[in-house]
Amino acid sequence: MPRTAIIGTGHWVPERVVTNDDLTELMDTSDEWIRERTGIRERRWVEPGTTGAEMATRASRMALEDAGIAAEEVDAVVLATLSPDHFFPGTGVFLARELGLGTAPAIDLRAQCSGFVYGLQVADALIRTEQYRTILLVGVEIQSTGLDVSTEGRDMAVLFGDGAGAALLRATDDPTRGVLSTHIHAEGEHAEILWGDAPASWRHPRIGPDDFDERRVYPSMAGREVFKHAVTRMPEVVREALDANGLEPSEIDLLIPHQANLRISQMVQKRLRLSDEQVFNNIEKYGNTTAATIPIALSEAVRLGRLERGDLLCLTAFGSGFTWGSALLRW
Ligand code: ACO
């Protein structure tokens, strides 16, 4: 059975930098409050009119170039986002169209912050069936257009950013590299702790003035509850992955945690007893880009020389649903 190797990575973030100080002009907040609680210094927000499909295309082209392969070699797209360009169809078909992928299938995944890790499990399974050889896995998010940037929405608005990251996955017979295992979970009893209620298909119409008045169109979160579950589930699912492979935390060369909040990543690091060199964080520049944080961080880590052939790479995510997961790979 073949294994799944990452043969190229790429990312794209909007040019518009929004600093914490910029936010103080929109809402009652401060650079100090945001930095102390989240580690975020700035984030990127799209200019009006930029689509998720465009962002995903830019990240994907970078990954294709990195892998040194042509778009026509991509057999399937797996795209994760909680902020699709349209209610339907999913952003994946627009990306496939932009890249000229012909009739290659496009699978859209809705697992929020865990989308990239969920997508990796799906893509890895598809590759191991030998039905597909090369899969483009993308996480893309436009959060800024869905935020309430007044003081009322400040608890959420300061956290999120926009961006896209991509990885090209290809079947390999090389036993020294590739995905070792993926582990994903969900627990729907906590769905409303972190969610975006509207638009909602069970209401008619799906969206109306009440949804704005009653704030259902904005994401909402019980922050402390999310924090508590995230710092429990991420170390737990990393240990699940390590145990499945007979490995120890000390053997991880690089952990890329979902960039939700620097304090969450630091707690995960501490609970796994990892050194600073073993953990990659870039949230201070981008905020939380949800499904895109891990592929953006991976692409940056590669370019910063943080990964060498044979390194043990661990990815872990936690997010709305709740959903969470981990993946272990030999680079
Ligand atoms: N600027 C200034 N003050 C603020 C802001 C802000 N942006 N947001 C909230 N406050 C105020 C609150 O109104 C409150 O004021 P009060 O005491 O007068 O009522 C005070 O700050 C404390 O608010 P809390 O919500 O209790 O703040 P907390 O210390 O819990 O920090 C935070 C909030 C950072 C969101 C924290 O709960 C957290 O880290 N949660 C983890 C969730 C997270 O990071 N989610 C990211 C998305 S989910 C994911 O990706 C997994």
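**Exercise 1.** Is Glu73 buried, partly exposed or exposed?

*Solution.* Step 1: recall the classes by relative accessible area: buried is under 20%, exposed is over 50%, and partly exposed lies in between (1.4 Å probe, protein chains only). Step 2: Glu73 has a relative accessible area of 34%, so Glu73 is partly exposed.

The model is predicted: local features need pLDDT of at least 70, side-chain atom pairs count only at pLDDT 80 or more, and totals for chains, interfaces and linings use all residues. Residues are numbered from 1 along each chain as its sequence is written, and side-chain values use heavy atoms, without hydrogens and water.

**Exercise 2.** Find what the side chain of Glu73 pairs with, and where the two residues lie.

*Solution.* Step 1: apply the criterion for a salt bridge, a side-chain nitrogen of Lys or Arg within 4 Å of a carboxyl oxygen of Asp or Glu. Step 2: Glu73 forms a salt bridge with Arg170, at 2.7 Å from N to O. Step 3: Glu73 is in the loop between α3 (52–67) and β4 (76–80), and Arg170 is in strand β7 (residues 163–172), so the pair ties together parts 97 residues apart in sequence. Helices (H or I, at least four residues) and strands (E, at least two) are DSSP runs, numbered from the N terminus. Step 4: Arg170 has 13% relative accessibility and therefore counts as buried.

**Exercise 3.** Describe the salt bridge between Arg216 and Asp211 and its network.

*Solution.* Step 1: their side chains meet at 2.7 Å, N to O. Step 2: Asp211 is buried, at 4% relative accessibility. Step 3: salt bridges link Asp197, Arg203, Asp211, Glu214 and Arg216 in a network.
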